[in-house]
Amino acid sequence: MIEIKDLHKSYKMGSNSLHVLKGINFNIEDGELVAIMGSSGSGKSTLLNILGMLDGADSGEYTLDGVPIKNLSETKAALYRNKFLGFVFQSFNLINYKSALENVALPLYYQKVPRKERQEKAMQYLDKVGLKPWAHHLPSELSGGQKQRVAIARAMAAEPKVLLADEPTGALDSKTSYEVMALIQKINDEGNTILVVTHEEDIAHMCKRIVHLKDGVIVEDKKIEQVRAEQYV
Amino acid sequence: MWLFDRDLWFEIFHTLGKNMFRTFLTMLGVIFAMIILVLLLGSANGMSNGFNKLFAGTASNSLFVWGQQTSMPYKGFERGRRIRYKIEDAEILKKQIPEIEVLAPRIELGSHRGVVTVYRNGQTSGSSVYGDFPEIDNITKKKLVEGRFLNQTDIDDSKKVCVIGEETYKLLFDKGEEAIGQEIRINGIYFSVVGIYKPNNNINIDGENAVFIPFTTFQKAFNSGDRMGWMAIAVEEGTQVAVVEKQIKDILKLKYDIHPDDERAIGSFDMSEIFNNITAFTTVLKGFSFFVGIFTLLAGVIAISNILLITVKERTKEIGVRRALGATPKIVKRQIVVEAIVLTAFAGLVGFAIAVGILSIMNSMWGSGDDFPFVNPMISVPQFIVSFILMVGLSVLIGLLPANRAVKVRPIEALREE
């Protein structure tokens, strides 16, 4: 699903440049649930941004579902993001004046799905994350866990090839974190490819594979025995 | 065509509607600007209409010509000679200058602006007495309170009839007394009253205390022969009054042996000059109002742009999310520009409605007053359309500013955690 070869990225900070990614190589197969771990400054967020087409790499190859991702214009990047990727953020990033349902329907709007169909589909995904009764509530009326579930529903609504989650549990307490992870596991069980960036060991161990990043290189890449999150809920 | 994309409009109204307070604040500037623009333009129009009403009944393309004294000796004549026209001059002028539409000769009893004693049943009035042709009514319209003005039959039969001013009526008759059919006496000759006119606020050349009798009757009754006092002349629409004025003077100078450079021998008054001055005044006033209004509007639209800029900053994250979810820069830009247009257009309409309301109130308070030139203050449809198009055009240009700012922010920066 994702192929990365010798990915480099550096940021210019005044006169000196900061080499963040120093040649990353890895592949993600269809249906994997991968945790990218690393302390802050290890380059994990930069990697995720490049994978998410929010940022471009300096050199190296990135292929997503057979499509080479290179030198994208903003418009093309937006189209690819919409078609291939679903995002889940640490701070949820729901649009605060839109109801849960409208938030979930938003990527479908950019896919030019007709309104009625959009609403139905959004409702279906809200139901999947167990928030159908909250469909018409504003984000401010939802708890943190609920917000993240809405965000996951929104990311899934566009039926992306890969779900990218940037510290999805970073702003949640551990019980809610496990709830969210249980949901992510459930989605993965259905065959979706998911990438989770985290610095929490327990969250990482709920994935099926852990990629350890340190100072811009992969220091460890191992398949693990998945810890099911339901048992903690 | 995106213009008919229901989803886009839904999205925009939704966004604006969910942020009512912000939307309202944003619109305030344009609402006020539009109110000011419409009020200014409307008032200028009202003033223009008021002047038009004031001068209704006076032909704007007219002039008056009378004889004065020569100021230069010529062909053996000494200076200071009084110029007296003859009735035949009217025919000569009409024949030689085809641009003359109406030429009404007039003769006055006594000297110019002189006063003659008019008697009736022991009451008297000092009035001007004019011998006129009915055509004069085409140049300075008389507002008749009762009866009729002089007509062609009066001229043909030299009838001893007269039309009197309201002022004259008050002097000669008791209040409420029937005047039509009554006789008044001028220089020992009786005339029967056929009409009474009222001063009508327009340029009043004849005064309010005057008696009009048929020209032919005047000739016989007062033995004026072929003399003619002055002429009221209306020229064809589209012809410069000044040009005709010069032609008339040239002909008369030749006929009466007046020095070609003598400016004082022939008196004249060009009515169109007054109208031109007033038209120029109201045009300048309208132009000025439009100018001020448009700049106020510009300020209002800039205020919208400003607030949109601020909200774009505030919405950086939202825009970042939208773009992460697949909104192309074009879509983001379009949404912000259309938001600017919708805000401006809606605010403009609200301001317009308020201003029209104020104008109607003003109209009902002062609109009918005869003493102040202010009638039907309202902006015209073309004025409205022009200002509206201008406003929306400006809002597109100025909406692009925040829109460009919005797409300049890269989604990654917008989404960066604090």
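I looked up the H3(A)–H5(A) pairing first. Ala100(A), Asn103(A), Val104(A), Leu106(A), Pro107(A) and Leu108(A) of H3(A) meet Val150(A), Ala153(A), Arg154(A) and Ala157(A) of H5(A). Contact here is C-beta atoms, placed from the backbone, within 7 Å. By class I read eight nonpolar, one polar and one charged residues (nonpolar: Ala, Val, Leu, Ile, Met, Phe, Trp, Tyr, Cys, Pro; charged: Asp, Glu, Lys, Arg; polar: the others, Gly among them).

The model is predicted: local features need pLDDT of at least 70 and side-chain atom pairs 80 or more, while totals for chains, interfaces and linings use all residues. Residues are numbered from 1 along each chain as its sequence is written, and chains are lettered from A and ligands numbered from 1 in the order written.

Next, geometry. The axes of H3(A) (residues 100-110) and H5(A) (residues 144-157) come within 7 Å and cross at roughly 25°. The two helices are therefore roughly parallel (angle under 35 degrees). The crossing of H3(A) past H5(A) is right-handed (near helix turned clockwise from the far one by less than a right angle).

Then I checked chain A overall. I find seven helices and ten strands (DSSP runs: H or I, at least four residues; E, at least two). Of its 233 residues, 48% count as buried (20 or more other C-beta atoms within 10 Å of a residue's own).

Last, the interface. Chain B gives 20 residues and chain A 22. On the chain B side, H1, H9, H10 and H12 each supply at least two residues. H9(B) gives the most, with five. By class, that side has nine nonpolar, three polar and eight charged residues.

Notes:
Axes fitted to C-alpha atoms, helices over the stretch in contact; angles between N-to-C directions. Parallel < 35°, antiparallel > 145°, perpendicular 65-115°, else oblique. Contact = placed C-beta atoms within 7 Å. Buried ≥ 20, exposed ≤ 12 C-beta atoms within 10 Å, placed from the backbone.
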